[in-house]
Amino acid sequence: MNEFRVIELKEGVYKLNNEAARNLRETLKLENTFLLNLMSSPGAGKTTLLLKTIEALKDRMNIAVMEADIDSDVDARTISKTGVPVIQLHTGGMCHLDAEMTRQGIESLRHDIKDSGGASGSGNPNLIILENIGNLICTADFDTGAAKNATILSIPEGDDKPLKYPKIFQISDALIISKTDTLPVFDFDIGACTVRAKKLNPSIEIFPVSAKTGEGMAAWIDWLIRNVNSEFN
């Protein structure tokens, strides 16, 4: 009887990616660059929240953005109107970004910044926000090398998502419950959602916000500033 090896490709892919993510995280820290991985379902309000976040922070730190999509450059065009450096990443049909894709994106972003004379006027960005592809499954499986992960869950999506997609809540440092201005319309229990998310991840910090009205945005911005500062102090 012939002998043969069985190779677990999934395990191998994750192992290689985790090593690449650790290396990228260490490199970015040495370079004083904080990478935030922002995840959500399509339509949860990532780009709108990102616009408001940039508006609040662009005069306080050098910000750059990487937009990840299977196709199109709609979000990158929207972000470019803020004046911060932005690059569009196409994944060729893949539903997630991994650490190597992220590394390539950062290198390309920095090349563009250098060619244009610097991020927001001077040097490399100290905050890069990766707007990951819109889904709650694949994005949770691959470490991008980010310093922190944040997930957006919108009120119209329902408060049961931590029960259905637990991993993304387990790996997230922050949960942004967006579109709180729609609470009168939808049956969403913020308390129940908080309990479910905390059961999966007791250290997750939760921010109910409305980018439209500005409600809750200050607490989210303070969290981001605090984490960027603590990464390098």
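Trainee: What volume does the largest pocket have?

Mentor: Good place to start! This is a predicted model, and in it the largest pocket has a volume of about 170 Å³.

Trainee: Which residues are the closest to the centre of that pocket?

Mentor: Look for Gly-43, Lys-46, Thr-47, Asp-75 and Glu-131, which are the closest to the centre among the 16 residues of the lining.

Trainee: And which elements give two or more residues to the lining of the largest pocket?

Mentor: Those are H2 and strand E2 (63-69). E2 gives the most, with three residues. Sorted by class, the lining has three nonpolar, seven polar and six charged residues.

Trainee: H2 is a helix, then. How do I read the way it packs with H9?

Mentor: The general idea is that two packed helices are described by the angle between their axes and the distance between the axes. Here, H2 (residues 46-57) and H9 (residues 217-232) pack at about 65 degrees, and their axes are 11 Å apart. Angles of 65 to 115 degrees count as roughly perpendicular, so H2 is roughly perpendicular to H9.

Trainee: Is the crossing of H2 and H9 left-handed or right-handed?

Mentor: Right-handed.

Trainee: Which residues make the contact?

Mentor: On the H2 side, find Leu-49, Lys-52, Thr-53, Ala-56 and Leu-57. On the H9 side, find Met-217, Trp-220, Ile-221, Leu-224 and Ile-225.

Trainee: How many of the contact residues are nonpolar, polar and charged?

Mentor: Eight are nonpolar, one is polar and one is charged.

Methods: Residues numbered from 1 in each chain as written. Predicted model: local features only at pLDDT ≥ 70, side-chain atom pairs only at ≥ 80, totals over all residues. Heavy atoms only, no water. Axes fitted to C-alpha atoms, helices over the stretch in contact; angles between N-to-C directions. Helix = DSSP H or I, 4+ residues; strand = E, 2+ residues; numbered from the N terminus. Parallel < 35°, antiparallel > 145°, perpendicular 65-115°, else oblique. Left-handed = near helix turned anticlockwise from the far one by under 90°. Contact = heavy atoms within 4.5 Å. Nonpolar A, V, L, I, M, F, W, Y, C, P; charged D, E, K, R; others polar. 1 Å grid on protein atoms, 1.4 Å probe; cavity = no way out; pocket = protein on both sides within 12 Å on 5 of 7 lines; lining within 4 Å. Points joined across faces, edges and corners; volume = space filled by probe spheres on them.
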